Amino acid sequence: MRDVLLAIGAPAAPDVAALAADQSDPPLQAFALFLIGELGARAQFADARDVLTTALSADDERVREM
């Protein structure tokens, strides 16, 4: 899944961000945040800052680390 989403690049960023914002599954949320980091500049989208800022205050340590 990682390789596919990274190959898709920028068009996948909004969907990855939606996963990163979903706090119901912390391991999946942490993985999505990792992917945002791997996408780098290709992950620029309108609410990127909000998603990342919210993750910094998550209850789950893995989510905060990503």
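What radius of gyration would a compact globule of 66 residues have, and what does the protein have? A compact globule of that length would have a radius of gyration near 11 Å, and the protein has 11 Å, which agrees. The model is predicted.

**Fold.** The protein has five helices and zero strands. From the N terminus on, the order is α-α-α-α-α. The C-alpha trace spans about 30 × 25 × 15 Å along its principal axes. Of the contacts between residues at least 6 apart in sequence, 55% join residues at least 24 apart.

**Surface and charge.** Buried residues account for 35% of the 66 residues. The protein carries 5 positive and 11 negative charges. Their mean positions lie 6 Å apart.

**Helix H2.** Helix H2 covers residues 13–21. Its buried residues are Ala-13, Val-16, Ala-17 and Ala-20. Seen down the axis of H2, these buried residues fall within an arc of 105°, so they line one face of the helix. An α-helix has 3.6 residues a turn, so residues three or four places apart point the same way.

Note on methods. Residues numbered from 1 in each chain as written. Predicted model: local features only at pLDDT ≥ 70, side-chain atom pairs only at ≥ 80, totals over all residues. Heavy atoms only, no water. Helix = DSSP H or I, 4+ residues; strand = E, 2+ residues; numbered from the N terminus. Rg over C-alpha atoms; globule rule 2.2 N^0.38 Å. Buried < 20%, exposed > 50% of the residue type's maximum accessible area, 1.4 Å probe, protein only. Contact = heavy atoms within 4.5 Å. Lys, Arg positive; Asp, Glu negative; His and termini not counted. Charge placed at Lys NZ, Arg CZ, Asp CG, Glu CD. Arc of directions from axis to C-beta.
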